[in-house]
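Dear colleague,

Please find below the structure that I am handing over to you. My notes on it follow directly after.

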Amino acid sequence: MYNSQPTLIGRSRFSMKTYNLFFIGFGTIGRALAHLLQEKQSILQAGYAASFQLTGVATRRHGCAWNPAGLDMDGILRMADADGRIGKRSYEEAGLETLLKDSQADILVEITPTDRENGEPAASHIRTALRGGRHAVTANKGPVAYAYRELRDLARQADRRFLFEAAVMDGTPVFSLQRETLPAAGIIGFRAILNSTTNYLLTRMEKGMDFEEAVAAAQAVGIAETDPLADVEGWDAVLKVAALVNVMMDFPLAPAAITRQGIGMLDPAAVRRARAEDRPFKLVCRAVRTPNGVAGSVRPEQLSTDDPLASVSGTGTMLCIETDSLPGLIIGGTAPSPKTTAYGLLADLLAIVRAGPSQRSPF
Ligand SMILES: NC(=O)c1ccc[n+]([C@@H]2O[C@H](COP(=O)([O-])OP(=O)(O)OC[C@H]3O[C@@H](n4cnc5c(N)ncnc54)[C@H](OP(=O)(O)O)[C@@H]3O)[C@@H](O)[C@H]2O)c1
């Protein structure tokens with residue numbers, strides 16, 4: 001399926017590979033990735049001898065389109081920006097398996113909304129891709145939280161990759177940090193701020209807003225959903241903890257087994273007082289190995305100001321990992337956006353390119 005043709009770049013002649021991408025979902029992140037692929041096209045060709053072409057797109061209400069010779073990315077972006085139909089056929093009618101085949105897709109990019117109950121239908125989309133011999137990359141934490149082991153094993157059997165760098169911390173290299181830079185490290189646990197919306201709300205409340213005003217401010221800058229419940233009540237953070245534990249600690253922790261308490265019950269006056277006393281509230285995510293496996297929790301905690309997590313303000317995120325050899329490893333991000341999430345997906349696409357024909361993964 002890869003189109004391979006000799007290309008002259010600089011003075012050396014080598015083989016350029018074109019990878020066919022199928023996007024399931026073409027909303028905020030789909031569009032951001034399409035723009036990023038266009039922006040990075042010359043770097044990808046020069047640095048990786050790779051190019052990506054969109055050969056299929058499927059949406060829920062805006063139809064689907066495919067062409068194994070490549071779709072017109074600008075045309076698809078124009079249609080999506082105008083909220084128009086991408087194609088006449090509905091995706092349910094066509095069926096994903098057939099669409100992947102007809103579009104000659106090499107890689108499924110799964111970017112449909114997250115389902116917090118069971119990770120579907122995203123997990124099934126990825127299953128279909130892997131069973132059909134395609135790689136799958138996703139920004140959707142649902143499949144990683146609910147079906148990681150099964151999808152990882154399917155990928156191994158098919159000699160394909162299942163990658164999800166964008167699913168936690170919006171493109172900050174978390175999973176690749178472990179995969180590429182922590183050989184043989186045993187991860188004992190982690191503490192983290194993983195939900196930027198609640199951190200933003202807490203920061204606004206500390207500055208004097210009540211809860212409703214803080215939510216309205218978060219919605220105005222585009223970081224809170226119309227229904228912010230998934231963030232406020234800690235569901236988003238729970239799925240991210242499950243995803244991190246499943247992958248980094250190699251333990252199948254179900255989201256339902258994670259203790260969850262959101263920030264909805266916090267009194268804004270208490271939040272302000274806590275900051276004034278240098279003991280600010282944060283929605284802290286934790287995981288730790290126990291004799292029975294791994295215990296996880298998400299709950300508001302008051303932190304001392306010398307705790308690195310206390311320094312995370314606004315939409316920032318931070319992950320403090322305790323490994324047996326590096327007890328205080330910290331990684332974070334300060335400005336999440338659709339582009340940073342798209343970058344996580346691009347990093348996964350390039351991990352597939354770099355691995356070459358054999359895609360055996362340590363995960
Ligand atoms: N937005 C962010 O900043 C961000 C950050 C990190 C991770 N993520 C994750 O990235 C994923 C995509 O987010 P987004 O913000 O791009 O979502 P979005 O703007 O709501 O777009 C979702 C897309 O998926 C399509 N879709 C919905 N259900 C579908 C189904 N059953 N089958 C096929 N297509 C379906 C929608 O089609 P219609 O438009 O036709 O309904 C739409 O094109 C989510 O899992 C999210 O959690 C997002």
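This is a predicted model: local features need pLDDT of at least 70, side-chain atom pairs count only at pLDDT 80 or more; totals for chains, interfaces and linings use all residues.

Residues are numbered from 1 along each chain as its sequence is written.

Overall fold

The chain contains 14 helices and 13 strands; these are DSSP runs numbered from the N terminus, with helices (H or I) of at least four residues and strands (E) of at least two. With a radius of gyration of 21 Å, close to the 21 Å given by the globule rule for 363 residues, the chain is as compact as a globular protein of that length. The radius is taken over C-alpha atoms, and the rule is 2.2 Å times the number of residues to the power 0.38. The C-alpha trace spans about 65 × 45 × 40 Å along its principal axes.

Ligand shell

The ligand is surrounded by 24 residues, of which G25, G27, I29, R61 and N140 are the closest; a residue counts as near if its C-beta atom, placed from the backbone, lies within 6 Å. Two or more residues of the shell are given by each of helix 1 (28-39) and helix 14 (338-355). Helix 1 supplies the largest share, three residues. By class, the shell has eleven nonpolar, ten polar and three charged residues. Here Ala, Val, Leu, Ile, Met, Phe, Trp, Tyr, Cys and Pro count as nonpolar, Asp, Glu, Lys and Arg as charged, and the others, Gly among them, as polar.

Helix contacts

The axes of helix 1 and helix 14 come within 8 Å and cross at roughly 65°. Axes are lines fitted to C-alpha atoms, for helices over the stretch in contact, and angles run from 0 to 180 degrees between N-to-C directions. Helix 1 is therefore roughly perpendicular to helix 14 (angles under 35 degrees count as roughly parallel, over 145 as roughly antiparallel, 65 to 115 as roughly perpendicular and the rest as oblique). Their contact involves T28, I29, A32, L33 and L36 of helix 1, together with P338, K339, T341, A342, Y343, L345 and L346 of helix 14; two residues are in contact if their C-beta atoms, placed from the backbone, lie within 7 Å. This contact has nine nonpolar, two polar and one charged residues.

Helix 7 (residues 141-158) packs against helix 12 (residues 235-248) at an angle of about 40°, with the axes 8 Å apart, and the two are therefore oblique to each other. K141, G142, V144, A145, Y148 and R149 of helix 7 meet L239, K240, A242, A243, N246 and V247 of helix 12. These residues divide into seven nonpolar, two polar and three charged.

Helix 9 (residues 196-206) and helix 10 (residues 211-220) pack at about 130°, with axes 9 Å apart, which makes helix 9 oblique to helix 10. T197, Y200, L201, R204 and M205 of helix 9 make the contact with F211, A214, V215, A217 and A218 of helix 10.

Backbone features

The peptide bond from E120 to P121 is cis, with omega near 0°. P121 lies in the loop between strand 5 (107-110) and helix 6 (122-131). A49, a residue other than glycine, has a positive phi, near 50°, and is placed in the loop between helix 2 (41-48) and strand 3 (50-58).

With kind regards
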